[in-house]
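Let's take a walk through this fold together, going from strand pairings to side chains. Have the sequence and the model open side by side as you read.

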Amino acid sequence: MTHVSYVPVVLVLSFFQHKTLFSTGLARRQPDVVDELRLRNDLQVTKKESQVILYWNNNLTKEETQKYTVKYILSYTFFDTSQERKERLQEKKKRIRLELHTGFKAKVKTQIFMKETEDLIKESSWTEYTYRSPPVYIQNLSCIIYNISFLNCTWHIKAEDPADVQYFFSYRHTEKDFECQQYIKNARNKNIGCHMKDISFKPLRKIILNISVVDLRNNSRRLSYYKGFTPQKIEKLNPPINVSVSLENRSIKIYWKPPPTIGSGEKKCFKYQVKITNSKIVDVTEEKYEYPLLRPTKKCTAEVRAKKEVCITNKIWSDWSEPVIIYDEKTVDSTLLSFTLFGLLIFLGSLLICACRRYGFLEVITMPFPGPTDKVTTWLAEDEPHHQKQNSVQMEMQSEIILRISEGNGDEDIQQHTHLKESEDL
């Protein structure tokens, strides 16, 4: 059993050993084969609108190209940036979008690989090329699409631009050219922007912008600048529509609908942000949001904004929707209201006390009432028997008057009684 299992292992190991020896021998002999290949690249440039076509040739024969795998490494850096872009290509050309760059520095080298093993057997040295475009006086070109059919583009002009040139704007879309409808001018009467309305866009078809520099002295065209945009990437959406809120179980529920757009209107394409009074902005991927009211307030507002991020990357947020007011008497915090009133009363009381102390009102209120002097007390003590005697005389006189009135009334009653008696006898 052991012998049977050992033999296949030995055979497999022998096979790989022979293959390794063969590859090593081939690799050792390969320099002798490719020593005669003098790899050399010849770089050339052709400019076409906003593109620079960089292409090169090497001195490999057709048979050598079929025998080996040939690849190229291209590296280039624009003058006004520091980022190096590096690519591995199988074609002998590269389209570089110049846009508003003033030029670039590029280098390329050729590599030869074995077709069977993809092992690198030889590579050329770098061949460099520098391309400088005509002077560029335009910078910071940016465009935005809004309200579905409006386009605004603006650009800055460098201070050293010639005084006798003017800048004209147009764009190409769906194989048609469109001239600017309304220019935006600066203090020097130079065109620095363009506004267009009532236009339509194909979301996946690029917009190629063209700014032509025209010499006003002889009405000749000096050069043009180009830049391309995908419409959906520069679209500023309108705010979400039909925003509504409700208060349920001490939580705010917010609902809305996505805004109209020139591209796909699927729900998965949109990203939203919700802002509630005194709360942090929250990212939301659905068309609703629920916010718990941990500390209820009587009144707060909710706002929503949108952009596209899933179907296509767009960095432009829409404006916030109109604030929707959340109002419900049940959310009144009576405890907070009581504390507020209590604090107000304490404040007013403290203010009143301070005012009394400031103007001496408190001393007047708390001052004791003065008692009678010694002379007044002595006079009252001496005059008391006289007053008592006078009061006794007045009481006797009143008693005599009452008695006389009573007697007079008695005689009158007797006379009336006698008169009635005589009347009855008759």
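Strands E19 and E22 are joined by five bridges and run antiparallel. To find a spot along that pairing, look for lysine 253, which stands opposite glutamate 290 in E22. Keep in mind throughout that this is a predicted model.

Is serine 149 buried or exposed? With a relative accessibility of 17%, serine 149 counts as buried, because the cut-off for that label is under 20%. Leaving aside residues up to four places away in sequence, serine 149 touches Met196, Lys197, Asp198 and Ile199.

On to the charges. Side chains of opposite charge can pair when their charged atoms come close. How many salt bridges does the structure hold? The count is 15. One of them brings together the side chains of aspartate 319 and lysine 236, at 3.0 Å from N to O. Aspartate 319 is in the loop between strand E23 (299–308) and strand E24 (324–327), while lysine 236 is in strand E17, so this pair ties together parts that are 83 residues apart in sequence. Both ends count as partly exposed: aspartate 319 has a relative accessibility of 45%, and lysine 236 has 24%.

Aspartate 283 forms a salt bridge with lysine 271, with the closest N and O atoms 3.9 Å apart. Since aspartate 283 lies in strand E21 (residues 282–284) and lysine 271 in strand E20 (residues 270–276), the pair ties together parts that are twelve residues apart in sequence. Aspartate 283 is partly exposed, at 48% relative accessibility. Glutamate 309 also meets lysine 271 in a salt bridge, at 3.5 Å from N to O. Glutamate 309 is in the loop between E23 and E24 and lysine 271 in strand E20, so here the parts tied together are 38 residues apart in sequence. Glutamate 309 is partly exposed as well, with a relative accessible area of 35%. Elsewhere, Arg172, Glu175, Asp177 and Arg205 are linked in a network of salt bridges.

Next come the rings, where the count comes to eleven aromatic pairs. Take tryptophan 256 and tyrosine 272: their ring centres are 5.3 Å apart and their planes are at 65 degrees, so the pair is edge-to-face. This pair links distant parts of the chain, with tryptophan 256 in strand E19 (residues 251–257) and tyrosine 272 in strand E20, 16 residues apart. Tryptophan 256 is buried at 2% relative accessible area, and tyrosine 272 is buried at 0%. Tyrosine 272 also pairs with phenylalanine 270: the centres are 6.2 Å apart and the planes at 20 degrees, so that pair is stacked. Phenylalanine 270 is buried too, with a relative accessible area of 2%. For a group of rings, go to Tyr76, Phe78, Phe104 and Tyr131, which form one aromatic cluster.

Finally, charges and rings meet. Lysine 71 has its charged end over the ring of phenylalanine 113, 5.4 Å from the ring centre. The charged end of lysine 275 sits over the ring of tryptophan 320, 4.6 Å from its centre.

Notes
Residues numbered from 1 in each chain as written. Predicted model: local features only at pLDDT ≥ 70, side-chain atom pairs only at ≥ 80, totals over all residues. Heavy atoms only, no water. Salt bridge = Lys/Arg side-chain N within 4 Å of Asp/Glu carboxyl O. Helix = DSSP H or I, 4+ residues; strand = E, 2+ residues; numbered from the N terminus. Buried < 20%, exposed > 50% of the residue type's maximum accessible area, 1.4 Å probe, protein only. Contact = heavy atoms within 4.5 Å. Phe/Tyr/Trp six-rings, centres within 6.5 Å; stacked < 30°, edge-to-face > 60°. Lys NZ or Arg CZ within 6 Å of the ring centre and 35° of its normal. Pairing = 2+ DSSP bridges.
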